[in-house]
Amino acid sequence: MLPKHYEDALNGLRRDIDAVDGKIISLLAERRRHVEQVLALKKEHHQPAYHPAREEDLISDRRRQADAAGLDPEHIEELFRSILRRSRVSQTAHISRRGIRPGAAVLLVGAGGGMGRYFQKWFLDAGYRVRGLDRDGWDHVEELCDGIELAIVSVPIDATISVIERLTPNLPPDCVLADITSIKTAPMTAMLASHSGPVLGLHPLFGPTTSTMDKQIVAVTPGRRPSDCQWVLDQFTAWGAILVETDPKEHDDIMAIVQSLRHFATFSFGRFLWQKCVNLERSLEFSSPIYRLELGMVGRLFAQDATLYSEIIFASSHRRALLLDFVASLAENLGMLENGNKAEFNRQFEQISEWFGPFSEQALRESSYLIDKLIERF
């Protein structure tokens, strides 16, 4: 049995720790009050919640302070990134309720789809008057378009061009016409040809299950009269999104890699596991965290709508040609596999590693962070 003085000392130390924890909670509450003052100032001047340079400077300062105090800088960075994200999400949630052009009429074409419903909520919360147009509403298209300041086309890729051509004769001359399709060349060409007013291409690189637009990327392809489109971009910025400007060709070339190739490669991996009847649950018992992470991304794909991915993968002949090149590239490795040519594998590995350059080290750091998080959870 432990002596009484041990129990007394332990309980005293625990009370001290509880008191320190209480001070931490009080300080976080005080920090939040200061953040709310910053929020009020940003709302007054229509500024975004997220300021990347300020955040990174703050993290660097906290790391230096941690090191000077004998604490682990990595742990302190993780702690403050969590605090900053929660603060930023809270700020964005408040800012999103204030529209850049409150009361303006917005038409969502394809309002019943996933992204249509998603943006309907955001625009309504920001004080806009939102109208929806779906397949059964074309008899009322003139009425729906009357007085609108923004029309967003959010329909399947293969219907986008025909919908644009059918919609534009009914738009007011100064209405901003935008699309949120994952390809840009063809929709931008159609919008510019059929609408004489402001034109803007948008591609939100996130789905309708995203709870916040904080730090979510939206690709922007300017079309016509950019100054008249600026309020739309300002609204996305106020919602916390990061805007990346591009031209239609560059966008489509990059998306062919970022979306089409990536999704097809993931589909192919999942298909092979299915063909081999792999026992997924049993494989996870033997898996490293990186395998669990990779398998999680495969499972994530097959937990969603097949039509969504087929639309993306087969969106254009350019994308299909790229995927045929990918399959042909895999076939080039047949000889190496049949002959067990490890030397050839090593040669190619080193060549590709050199091509990846410094990004490999960055990828190693980022994936290690994700693996550590995965280990904490599982």
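Reply: In this predicted model, β3 and strand β4 (residues 176-179) run parallel and are joined by four bridges. Across from Leu177 in β4 stands Ala151. Helix α6 (residues 157-167) packs on the sheet, where it touches β1, β2, β3 and β4. The direction of α6 makes about 155° with that of β3. Another helix that packs on the sheet is α8, which touches β3, β4, β5, β6 (217-224) and β7. Its direction makes about 20° with that of β5.

The sheet itself is open and is formed by seven strands with mixed pairing. Their order is β2-β1-β3-β4-β5-β6-β7. At the edges stand β2 and β7 (242-245); each has a single partner strand, so one side of each is left without a neighbour in the sheet. On average, neighbouring strands of this sheet are turned by 25° against each other, direction ignored.

Next comes helix α4, residues 114-125. This helix has 12 residues, and from its first C-alpha to its last it reaches 17 Å, close to the 16 Å expected at 1.5 Å a residue. Which residues of α4 are buried? They are Met115, Gly116, Tyr118, Phe119, Trp122 and Phe123. Seen down the axis of α4, these buried residues fall within an arc of 160°, so they line one face of the helix. An α-helix has 3.6 residues a turn, so residues three or four places apart point the same way.

What covers the buried residues of α4? The cover includes strands of the sheet, namely β1 (105-109), β2 (129-133), β3 (150-153) and β5 (199-204), and also helix α8 (226-238). Just after α4, Gly127 takes a positive phi of about 90°.

A pair of aromatic rings is described by the distance of the centres and the angle of the planes. There are 14 aromatic pairs in the structure. In one of them, the ring centres of Phe123 and Trp239 are 5.0 Å apart and the planes stand at 80°, so the pair is edge-to-face. This pair links distant parts of the chain, since Phe123 is in helix α4 and Trp239 is in the loop between α8 and β7, 116 residues apart. Are these two residues buried or exposed? Phe123 has a relative accessible area of 1% and is buried. Trp239 has a relative accessibility of 0% and also counts as buried.

Trp239 forms an edge-to-face pair with Phe236 as well, with 5.4 Å from centre to centre and 80° between the planes. Phe236 counts as buried because its relative accessibility is 1%, and the cut-off for buried is under 20%. Phe123, Phe236 and Trp239 belong to one aromatic cluster.

Definitions and conventions:
Residues numbered from 1 in each chain as written. Predicted model: local features only at pLDDT ≥ 70, side-chain atom pairs only at ≥ 80, totals over all residues. Heavy atoms only, no water. Helix = DSSP H or I, 4+ residues; strand = E, 2+ residues; numbered from the N terminus. Expected span 1.5 Å × (residues − 1). Buried < 20%, exposed > 50% of the residue type's maximum accessible area, 1.4 Å probe, protein only. Arc of directions from axis to C-beta. Contact = heavy atoms within 4.5 Å. Pairing = 2+ DSSP bridges. Axes fitted to C-alpha atoms, helices over the stretch in contact; angles between N-to-C directions. Phe/Tyr/Trp six-rings, centres within 6.5 Å; stacked < 30°, edge-to-face > 60°.
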